[in-house]
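Student: Could we go through this model together and check each term against its definition?

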Amino acid sequence: MDYHCNVKRTFVQRGSRIAEMDELMKRELSEYGYSHSELKYYPAKLEMIIFLTKVQGLMTDERFFLAELQVCLQKRFNVKQIDINVAQVKPKGLCAVAQCESLKYKLKGGLAARRACYGVLRFIMESGAVGVEIIISGKLRGQRARSMKFNDGLMIHSGDHTNYYVSQAVRSISLKQGVLGMRVKIMLPYDPKNGVSRIRPDIVTIHDYKEEEHFALEPVISVLE
């Protein structure tokens, strides 16, 4: 019984540490298009992969941040060796977190909400998405809070396939008039090689008609003696 409790406690501790690390990355690397991070446990070391949209900007501006992060994670995870790798998010337009951060910085720069949302929506659809839904709520213009919804294409909202086909992200930004909340949902396309390999049940595939081969039958003539 103690063994199962220790195993459960170990996984809970790993999950809490991953959540702490993800929150730290959101604050420190948001301007470089932080998407998500992965942790891989090995017997002798720990490997961390950070997925960004602006990898070159991080390697140029924040070279010392990775060294500080490595020391911080060594103390937090109590490991002697940890490797930090930075990877590029591909494709950029199908990552909900990256597009939500892009929308956040557009609004922070003073761009109109409607124009910023339509720009992000058009970029996502041009990247090959099946559908997009963007919701912004808060004090957009006047003193009264309201919400605006922008959508295009197909979007599923229920069923098990939403766990695989729908990528979503939620962010908030503090402006002069108040706090704005934004949500970006992207319907991913079917891609068995690099993306979602599950086939949706509402997709009907009609195969071409296969013509039957007609064989000419030769008459059999038997001679009776």
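Tutor: Gladly! The side of domain 1 that touches domain 2 has one nonpolar, three polar and two charged residues.

Tutor: A word on the source: this is a predicted model, where local features need pLDDT of at least 70, side-chain atom pairs count only at pLDDT 80 or more, and totals for chains, interfaces and linings use all residues. Residues are numbered from 1 along each chain as its sequence is written, and side-chain values use heavy atoms, with hydrogens and water left out.

Student: How do you know that domain 1 and domain 2 are in contact?

Tutor: Contact means heavy atoms within 4.5 Å. Six residues of domain 1 meet that rule with five residues of domain 2, so the two are in contact.

Student: What makes β1 and β2 a pair of strands?

Tutor: Strands pair if DSSP finds at least two bridges between them. Seven bridges join β1 (residues 34-41) to β2 (residues 46-52), so they pair, and they run antiparallel. A hairpin of four residues links β1 to β2, and Glu-38 stands opposite Ile-49 in β2. Strands here are DSSP runs (E, at least two residues), numbered from the N terminus.

How values were computed: Nonpolar A, V, L, I, M, F, W, Y, C, P; charged D, E, K, R; others polar.
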